[in-house]
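Ready for some practice with sheets and cavities? Have a look at the model below, then work through the exercises one step at a time.

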Amino acid sequence: MSDRRDPLQPDPALLERLAALAVRIGANVQPGQVVTVNGQVGGHEPLVRAIAAEAYRAGAKFVDVAWFDPLVKRARLEHAAEDSLDFVPPWLGARMLALGESRAAAISLVGQTTPGVFAGIDPARIGKDQLPSLRETSQVINERQLNWTVVPAPNAGWAGLVFPDLSPEEALRRLEQDVVTVLRLEDDPVAAWEARSAELVRSAEALNARSFDAIRLEGPGTDLTVGLLPSSVFIAAGMDTAEGITHQANVPTEEVFTTPDPTRVDGVVRATKPLTLGGTTVDGIEVEFRGGEVVRVDATTGVEILRGWIQRDAGARRLGELALVDGDGRVGQTGTVFHETLLDENAASHLALGSAYTMCLTDEADHARANRSAIHVDFMVGSNDVSAIGIAKDGTETPVLVGGAWQA
């Protein structure tokens with residue numbers, strides 16, 4: 001029997017390093033914890049299995065895998081009654097709440113296994129079925145019940161989407177190279193992420209020292225003012241659960257982020273990168289806000305998908321996150337558009353429509369003012385041509401991020 005590996009399967013040695021990063025640094029799995037791993041069939045299986053093995057080596061009590069099959073979702077979108085497409089089985093939400101109650105660790109994988117799977121489907125129908133996204137996920141995250149992380153899973157399907165001009169094998173090898181780069185896996189990823197995390201924390205502390213009342217984004221097609229809540233603070237890198245377990249929620253992470261005032265967002269913003277939403281690419285996005293609410297959404301492709309998502313509830317039309325990303329991040333330096341929010345949002349400053357992170361609010365009285373929604377959709381609005389300007393309560397303006405470099 002030949003031991004030559006399939007050239008369209010990811011490198012097993014890379015998968016082992018990815019699994020160790022996800023378990024030991026990302027989620028920081030503790031002995032005796034239940035660990036849930038979320039992956040897609042058709043490409044994530046090798047990394048899911050490597051993560052399960054690493055989690056058990058770390059002392060996990062049980063690894064519970066939740067699989068999502070894009071082709072099964074397509075079958076629903078093609079054939080199910082339209083008035084049933086927004087149905088979410090209650091046991092799915094109950095499972096997420098139970099994981100939170102048990103103080104589980106959670107590891108989710110991204111990297112489309114079946115790009116274009118929803119081609120030809122009415123965008124309005126796609127917008128109604130937002131699974132595998134769950135409202136309860138935001139609840140357990142905001143209550144800091146899980147030590148969780150999201151990591152990329154290189155696979156042939158995703159590689160073909162990112163590098164369509166390369167052969168399937170060359171595309172996968174190129175994607176693997178980029179993943180090694182953005183995850184800082186070349187030498188000692190623990191030391192590399194400790195150093196980068198310290199840089200991000202210093203940037204967040206510098207912003208917080210200014211106690212800005214708002215941030216204005218200015219650039220081609222963009223003039224948007226995002227108000228902040230009285231106790232909004234920027235946070236970065238590692239998070240802690242309510243029990244004090246430190247974890248890296250996104251790997252890679254290159255952002256400092258905060259919770260905006262959902263009633264004080266005004267102006268127009270133009271996306272600088274495409275957004276992949278529910279397996280569909282939405283490009284050329286332009287959004288106009290008035291009094292905190294979206295009053296116009298346009299895009300060159302996929303606009304009906306985005307419009308469908310923001311009709312989910314009242315909070316879906318307001319902002320839940322403002323994140324700033326500098327030019328020192330590895331993701332942006334690759335020059336690659338990954339068509340996955342986990343990576344693309346760490347290449348550029350971004351906004352999120354929908355649910356807010358109450359962990360960014362130091363006064364519990366502000367929690368009730370933070371945006372609530374069943375969705376959390378990040379879209380990228382930053383580049384070296386887009387500047388962020390801090391606005392104090394007295395109207396004084398201070399440049400914050402210009403040309404990709406921190407100013408404050």
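Predicted model: local features only at pLDDT ≥ 70, side-chain atom pairs only at ≥ 80, totals over all residues.

**Exercise 1.** Describe how β5 is joined to β6, and find the bridge partner of Ile215.

*Solution.* First locate the two strands: β5 covers residues 214–219 and β6 covers residues 222–228. They run antiparallel, and six bridges join them. Now pick out Ile215, and you will find that its bridge partner in β6 is Val226.

**Exercise 2.** Work out how many cavities of 30 Å³ or more the structure holds, and what lines the largest cavity.

*Solution.* Rolling a probe the size of a water molecule over the atoms shows where empty space is left. The count comes to two cavities of 30 Å³ or more. The largest cavity has about 40 Å³ of space. Its lining consists of Ile141, Arg144, Leu146, Trp148, Met239, Asp240, His247 and Met359. Sorted by class, this lining gives five nonpolar, one polar and two charged residues.

**Exercise 3.** Now sort the lining of the second largest cavity by class.

*Solution.* This cavity has a volume of about 30 Å³. Among its lining residues are Arg76, Phe87, Lys128, Gln130 and Arg312. By class, the lining has four nonpolar, two polar and five charged residues.

Note on methods: Residues numbered from 1 in each chain as written. Heavy atoms only, no water. 1 Å grid on protein atoms, 1.4 Å probe; cavity = no way out; pocket = protein on both sides within 12 Å on 5 of 7 lines; lining within 4 Å. Points joined across faces, edges and corners; volume = space filled by probe spheres on them. Nonpolar A, V, L, I, M, F, W, Y, C, P; charged D, E, K, R; others polar. Pairing = 2+ DSSP bridges. Helix = DSSP H or I, 4+ residues; strand = E, 2+ residues; numbered from the N terminus.
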